[in-house]
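Me: I would like to go through this model with you and ask what stands behind the terms used for it.

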Amino acid sequence: MVTDADWVRIRRGLRFGQVFEGTVVRVPRPGAIGIFVDIGMGVGGFVDSAE
């Protein structure tokens, strides 16, 4: 679990438009709007399938 302090630290290192490589960790049911990706920062990322 990510603490509030961890989340503040992680957010400071992120910038709009950054590109990350990651590992797909979960693909929701068929027809879902995206996938969940481990970007190696202690929090998961969500990739919208429209992107």
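Me: What is the volume of the largest pocket, and why is it called a pocket and not a cavity?

Reply: In this predicted model, the largest pocket has a volume of about 320 Å³. A cavity is a set of points where a 1.4 Å probe fits but cannot get out, whereas a pocket is an open set, so the name pocket says that this space is open.

Me: Which residues of its lining are closest to the centre of the largest pocket, and which strand gives the most to that lining?

Reply: The lining has 12 residues, of which Gln-18, Phe-20, Phe-46, Val-47 and Asp-48 are the closest to the centre. Strand 3 gives the most, with four residues, and by class the lining has six nonpolar, three polar and three charged residues.

Me: What makes strand 1 and strand 2 a pair?

Reply: Two strands pair if there are at least two bridges between them. Three bridges join strand 1 to strand 2 (residues 34-38), so the two strands meet that requirement, and they run antiparallel. Within this pair, Val-24 stands opposite Val-37 in strand 2.

Me: Why are strand 1 and strand 3 said to stand at the edges?

Reply: Three strands form an open sheet in the order 1-2-3. Strand 1 (23-26) and strand 3 (44-48) each have a single partner strand, so one side of each is left without a neighbour in the sheet. The twist averages 45° from one strand to the next.

Me: How does the radius of gyration of the protein chain stand against that of a compact globule?

Reply: A compact globule of 51 residues would have a value near 10 Å, but the protein chain has 12 Å.

Technical notes:
Residues are numbered from 1 along each chain as its sequence is written. This is a predicted model: local features need pLDDT of at least 70, side-chain atom pairs count only at pLDDT 80 or more; totals for chains, interfaces and linings use all residues. Side-chain values use heavy atoms; hydrogens and water are left out. Axes are lines fitted to C-alpha atoms, for helices over the stretch in contact, and angles run from 0 to 180 degrees between N-to-C directions. On a 1 Å grid over the protein atoms alone, a cavity is a set of points where a 1.4 Å probe fits but cannot get out, and a pocket is an open set with protein on both sides within 12 Å along at least five of seven lines; lining residues have an atom within 4 Å of a point. Grid points are joined across faces, edges and corners, and a volume is the space filled by probe spheres set on the points. Ala, Val, Leu, Ile, Met, Phe, Trp, Tyr, Cys and Pro count as nonpolar, Asp, Glu, Lys and Arg as charged, and the others, Gly among them, as polar. The radius of gyration is taken over C-alpha atoms; the globule rule is 2.2 Å times the number of residues to the power 0.38.
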